[in-house]
Amino acid sequence: MQGHPNWYSTVAITCSFAIVLVMVVWTVRKTLKKSEKRKESEVNECNGTEETKETEETEMPEEQENVVENVNDEENANHVVVDDTECSNDDTIPELPEPKWVKVGQIQELYMYPLKSGRGKSLKQCDFTEFGISLENEGMFTLVDRMFLVYNEETGRFQTGRHYPTLILVSLSTVDETKVKLEAVGMPSVIFEVPKWLENVSEAVQCTMWWGESVKCIDCGPEPAEWLSRFLTGTNSGLRLGCTLMDRRNVFIEPWKKFTKVYERLRSEDTGLFSDLASYMLMTTRSVEQLNEKLERPVPTLQFRPNILVSTQKPFEEDNWEWIKIGERVVIRNVKPCSRCKMIRVNPENGVMDKEEPLKTLKTFREQTDPERVSLEGNAPTMGIYCGLYVSGKVKIGDEVFIHSSIESNHRETAS
């Protein structure tokens with residue numbers, strides 16, 4: 001009986017030790033399970049698994065759920081609109097909601113004239129921009145159609161090939177990012193830096209164009225001025241070279257306001273920099289060919305100073321075009337026929353003027369007949385059409401040309 005207390009003590013200690021051991025093992029296992037779940041949750045969260053998303057959605061309040069659904073719906077709707085816009089470039093033209101394009105030809109030639117009345121540049125490809133054809137090459141100054149003009153130093157009046165026929169022999173090209181060069185037969189070239197428009201606004205020169213239209217330019221300095229004066233007049237002064245301020249011209253004020261009453265499609269956005277009016281002039285190959293068939297000595301296309309020459313089957317069909325699409329994207333619109341003045345040809349090799357006047361032949365079958373147009377511009381003949389830009393983009397030789405035509409006109413063309 002005396003050994004019983006020792007036995008009870010041993011059993012009690014053993015049981016206590018076992019209970020403590022079991023509790024320790026249970027605690028460790030529970031901690032490990034929680035750790036594994038936490039790691040699994042983090043992995044799922046990083047991988048974006050369905051399980052994690054479902055858990056988050058279940059825990060999300062109902063109001064917040066509705067908000068997220070609405071946002072997602074709006075995002076999906078916006079995505080559809082963007083895709084639709086990308087698929088149909090013409091949606092950006094309110095005046096042309098449902099275009100029906102009919103192929104009429106392809107781009108035969110592209111021309112730009114960096115210097116107004118200067119030598120034209122034949123291009124293989126270019127950009128159609130809001131101010132006209134643009135030629136952009138990496139590391140070179142970007143040229144835009146008719147961005148430079150010659151003006152009289154005393155009067156500020158712009159000067160063209162009508163005043164100095166040999167001006168059409170003057171070529172303007174880029175040298176680097178900031179400089180351009182003037183060249184002509186028999187003259188050493190002159191290189192000068194193009195003035196920066198924003199830095200020189202306060203020094204803008206007021207010039208006048210047709211019918212006293214006021215335009216502003218930045219003078220390009222004494223070197224090109226002396227070069228032009230010497231080549232065109234034989235003296236060292238009198239003429240200056242101006243560069244555009246990239247201003248938008250307004251056709252709803254004088255002197256162009258009267259034109260908007262006769263040519264209702266004409267907008268201020270259609271005007272070029274120092275072009276006579278619109279930023280693009282289009283002609284067709286057959287129109288030039290038919291005129292040349294009536295002349296003893298054919299005239300080159302550049303005689304008419306077009307930007308776009310389209311190969312077609314019928315002469316003067318461009319007169320009746322309205323909307324014109326070039327390639328996959330670019331869209332222009334016919335705003336006005338191009339009236340022609342007296343044309344004097346100059347041999348580009350020797351500068352000798354040819355006094356023959358193709359205008360007389362052109363008058364015999366292209367004279368203005370519409371009473372409103374005759375009262376506005378006289379009976380000068382027309383050749384080619386002025387166009388304004390609606391959708392910009394890149395254009396290259398060989399691009400297909402389409403016109404927008406109604407079902408009725410398509411039917412008439414098919415029947416004929």
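Mentor: Contact means heavy atoms within 4.5 Å. The model is predicted: local features need pLDDT of at least 70, side-chain atom pairs count only at pLDDT 80 or more, and totals for chains, interfaces and linings use all residues. Residues are numbered from 1 along each chain as its sequence is written, and side-chain values use heavy atoms, with hydrogens and water left out.

Trainee: How many helices and strands are there in the chain?

Mentor: Helices (H or I, at least four residues) and strands (E, at least two) are DSSP runs, numbered from the N terminus. On that basis the chain has 9 helices and 22 strands.

Trainee: What percentage of the 416 residues count as buried?

Mentor: Buried means under 20% relative accessible area, exposed over 50% and partly exposed in between, with a 1.4 Å probe and protein chains only. The accessible surface of the chain comes to about 23800 Å², 51% of it belonging to carbon and sulfur atoms; areas come from the Shrake-Rupley method with a 1.4 Å probe, and for residues only the protein chains shown count as cover. The buried share of the 416 residues is 42%.

Trainee: Which residues touch the most other members of the largest nonpolar core?

Mentor: A nonpolar core is a set of buried Ala, Val, Leu, Ile, Met, Phe, Trp, Tyr and Cys residues joined through side-chain atoms within 4.5 Å. Ile324 touches, beyond four places in sequence, residues including Trp101, Leu282, Ile385, Val401 and Phe402. Apart from this core lies another one, of 22 residues, among them Val251, Leu266, Met281 and Leu309. In the largest core, with 52 residues, the members that touch the most others are Phe128, Phe148, Ile324 and Ile332.

Trainee: Which strands stand at the edges of the open sheet of 5 strands?

Mentor: Two strands pair if DSSP finds at least two bridges between them. The order of this sheet is β7-β6-β13-β12-β11, with antiparallel pairing. One side of each edge strand is left without a neighbour in the sheet, because each has a single partner strand; the two are β7 (158-159) and β11 (205-208).

Trainee: Helix α4 packs on that sheet; which strands does it touch there?

Mentor: One of the two, β6 (residues 148-152), is joined to β7 by 2 antiparallel bridges, and Val150 has Gln159 in β7 as its bridge partner. The direction of α4 (residues 222-233) makes about 125° with that of β13 (239-244), where axes are lines fitted to C-alpha atoms, for helices over the stretch in contact, and angles run from 0 to 180 degrees between N-to-C directions. The strands of the sheet that α4 touches are β6 and β13.

Trainee: Which residues of α4 are buried?

Mentor: The helix has 12 residues and reaches 16 Å from its first C-alpha to its last, close to the expected 16 Å, which is 1.5 Å times one less than its number of residues. Just after α4, Gly234 takes a positive phi of about 80°. The buried residues of α4 pack against β6, β9 (179-184), β10 (187-193) and β13. They are Pro224, Ala225, Trp227, Leu228, Ser229, Phe231 and Leu232.

Trainee: In the open sheet of 4 strands, what is the order?

Mentor: Strands β4 and β3 form a hairpin with 2 residues between them, and Phe128 stands opposite Ile133 in β4. Strand β3 (residues 125-129) is joined to β21 by 4 antiparallel bridges, one of the pairs being Asp127 and Lys394. The order is β5-β4-β3-β21.

Trainee: Which residues of strand β15 are buried, and on which side of the strand does each lie?

Mentor: In a regular strand the side chains alternate between the two faces of the sheet. β15 (residues 308-311) is joined to β1 by 4 antiparallel bridges and pairs with β14 (residues 280-284) in the parallel sense over 3 bridges. Glu109 has Leu309 as its bridge partner, while Thr284 stands opposite Val310. Both faces of β15 are covered: on one side lie Ile308 and Val310, on the other Leu309 and Ser311.

Trainee: Is Ser117 buried or exposed, and what is its relative accessible area?

Mentor: Ser117 lies in the loop between β1 (101-112) and β2 (121-123). Beyond four places in sequence, Ser117 is in contact with Thr160, Gly161, Leu167, Ile168 and Arg305; its C-alpha atom is 8.7 Å from that of Arg305, 188 residues apart along the chain. Ser117 is buried, with a relative accessible area of 13%.
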